[in-house]
Amino acid sequence: MSTSLLWAARTVSRASLRQRNQLWPLAASAAHPRFREAFPPARSFSAAEGASSPPGDAPPFRKVLIANRGEIAIRVARTCRRLGIPTVAVYASNDTDSSHVSECDEAVCLGTGGVSSYLDTDRIAEAIRSTEADAVHPGYGFLSENAGFAEAVASLGSKGETVAWLGPPPQAIRDMGCKLRSKAIAREAGVAIIPGGESEGALDSLEDALEAMRKSGSSLRYPVLLKAAAGGGGKGMRICYDDRELIEAYPMARSEGLKFFADDRLLLEQYLEEPHHIEFQVVCSKATGNGDGDLNADGHSSNSQIDVAIFAERECSVQRRNQKVVEESPSCLLTEETRRKMMEQTTLLCQSVGYEGAGTVEWLVVGGESNRDQAQDFYFLEMNTRLQVEHPITEAVSGGLDLVEAMLEVGAGRGLPREWYETAEVVEEAGGNGRMLVMPWKGHAIEGRIYAEDPLRGYLPSTGPLLPYMEPPRAVRVSDGGASSSSSWAGTDGVASYLRLDSGVVEGHVVTPFYDPMLSKIISYAPTREEAIDVLSEGLDSYVIEGVNHNARLIQAVLRHPSFQKGDTPTSFLETHIPDFGGYSVRNGENETEDPPSLLTAREEEDLAVAAALIWRERERLLGRPPTGRAVEDENGQGRRDFVVRLDGWAGGWGDGAISVALDEGRTEGLAAGRRLAADPSDQLESFSIAIGPGFSIDFENHLASMTLDGTFRTVQVLGEQPSGELRVQMLGARYEGCLVQSPREYELSRHVLPPVANDTSNTVLSPMPGTLIGFSGGVEEGSFVEEGQELCIVEAMKMQNVVRAPRAGIIARLRVDEGAALVTDQVLMEYEAEEGDEPTAA
């Protein structure tokens, strides 16, 4: 055992993790009608009946080392535990408290290198040897698409045994992992590729890239996509609309390619402006005679033909920075004819490279958005030679099968599960290369990726401790074989609907700038797309994430957008419909309006005002405070109390956003009367009434309140109280940091209070995120004149490089930080001279 490895193999207890993950369901009286109908009780998610290994069969492996971290490591570990396979976690020293470490049976420290530790093949190889693991699951990212590591794993066995690589053959990784090579193979196999040209091989330099654009006879035209030749996931990828953007993007794309994939080669290809991003999940194996035979002496198939199990497509077009945010299956776009053609070409491509294991073939599709009878064209984009982040939606629509278990079976040489041949449509491929298994699917699934990032700041990463952090009480989890309820609830056609959460964090976890910002994946499944949208929306309402900025509210806005609900989701969806997140208004449906941006309709704002008054009154009762509001009696002698709710707090002005609410005294149900207040008290706005149903409940410990208003179940996040008395509340993704609940008299007096004065930052440039200052851009120094929008410096956070641009034209008076400095959000980077716009005079 090497003493220089800085590792310590140890057995860990999972009790503490399970205690930290303990769910605290809402009171039964507060259960949402949809929860009772469509959500199972809190339980574990497991494979479908008829798993590949019949009861009594030996597990496919003795011990599996998971060469990854976070959510995917936990996902793999739980399937292994259900199958009776011990697991080994690896971790960097700054990742000791990560949940995946305590999820596994053993854990090995890889050293102090942070991200680089998870890319250290020598130390991981030593961990494989020392723990005597006989299989390695790479997850996604890190070394999952590293052909050299895949080859090294196979050479690590001892005593005549080999270590299984739970991924495709190394040569398939090389062929498909390199975008240059994969396109050449696709072209040779007759698979459609993006028209309009691409650079001839990898670019040698920036000058080479510019020459490719200027070359006479070149079919490349702006916009183009500059992308890393290796890897995927949107890393090392930039859209360029002119020479200036190409010059700016080249060093950043190259640096990211090197950091993420240890490969700084780049290529150019034509950029399609309005495509849909469609992908097909496959699991491939050497043909085994319908799963029943053709195995050699060591239990592996001796057949060179490849059987390709292909699943319902995934629509992954809602993206930011070329990274997926919302995925769903199946797509609303594809016709049956297009789907079949894409499946056939996907199968052909997999067979042409002898692919084995799980993988995803990605395509761009154009046409058919406005008319499904319109011709649809599709073009091969790339193949990801690993399990994808979004695999849970495929598992959902495919009857709950477990793709990780299938990877284990294929990796052990057992072939595709024999039940798949019985349930799939089996098509013999012309040319005798194997068979295509078209797997059946039913219902609809949607996934949202929860990132620690700020959509209001261009999706910049956010760091800090997750406090509080409460996962949806009704979410199901991947089964680890422990005790779980087998009950489920039937949807409209008898198909169970549920919410699933795959998470890599717990309350108290500290999000750092060293790793990918994804916290979790929240997945809904239902018989119809409309129901799946509702299930996911309701799940997001009860998912409390504080301590960092995140995109859960953005996902809620996507789900509620009319274009998304119609299935109109090209890759430009976010930048077109929600360019700055707060700029989307639902007040008047699809019509463009000049109303202030809002994620709530006018009626939903009135619901929230009633909810806020109920919550405020209950808080006062529990805290023993004197009651707010004006007590009155109606003509029947029923006591009522009047409140004024200002959702926007002091910032809302007087009248704008203020809503009068009257509640029955001593009752949590009945009829709430309300009226919007005008800036001019003499103006009388239309009144409203809202029926409060039974079942009002507040769980302050878990920051949730639930109630039924006019027959609609509402969940409100109650996130605390500001020092100045305002509530922090959230409903349907709309967040109010300063919701004021006042008596009518307090409201009248507050009209004389001056609004707070905002800090003047017009003469400073601030860091938009925590990270490291890579350097100032050329020509940016004290005394230099900069134009509005000019690149000033580059800040690196979570391995991504982000450009900081000049907010206005002016002269830089002072640089406040040095290159290499560690930055915090809103730290001053540089200052302008007081007189903006003055160019320096010539010497």
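Leaving aside neighbours within four places in sequence, which residues is L574 in contact with? Hold that thought for a moment. First, what we are looking at.

This is a predicted model. Mean pLDDT for the protein is 84. Of its residues, 83% reach 70 or more. Two stretches need care. Residues 1-56 have pLDDT below 50. Even so, that stretch has 148 contacts in the model, beyond near neighbours in sequence. Then there are residues 482-494, also with pLDDT below 50. Here the model has 27 contacts beyond near neighbours in sequence.

Now the overall build. The protein has 843 residues, and buried ones make up 59% of them. We have 20 helices and 46 strands. Take the contacts between residues at least 6 apart in sequence: 68% of them join residues at least 24 apart. The accessible surface comes to about 33,500 Å². Carbon and sulfur atoms hold 48% of that surface.

On to the inside. In soluble globular proteins, nonpolar side chains tend to be buried together. The largest nonpolar core in this model has 72 residues. Those with the most contacts inside this core are I450, L574, V610, V645 and L663. Helix α19, residues 602-623, gives the largest share of the core, nine residues.

Leaving aside neighbours within four places in sequence, its contacts are V318, Q319, R320, V325, Y459, L554, V558 and P579. Find L574 on the screen, and trace those partners from there.

Note on methods
Residues are numbered from 1 along each chain as its sequence is written. This is a predicted model: local features need pLDDT of at least 70, side-chain atom pairs count only at pLDDT 80 or more; totals for chains, interfaces and linings use all residues. Side-chain values use heavy atoms; hydrogens and water are left out. A nonpolar core is a set of buried Ala, Val, Leu, Ile, Met, Phe, Trp, Tyr and Cys residues joined through side-chain atoms within 4.5 Å. Buried means under 20% relative accessible area, exposed over 50%, partly exposed in between (1.4 Å probe, protein chains only). Helices (H or I, at least four residues) and strands (E, at least two) are DSSP runs, numbered from the N terminus. Contact means heavy atoms within 4.5 Å. pLDDT is the predictor's confidence in each residue, from 0 to 100. Accessible areas come from the Shrake-Rupley method with a 1.4 Å probe; for residues, only the protein chains shown count as cover.
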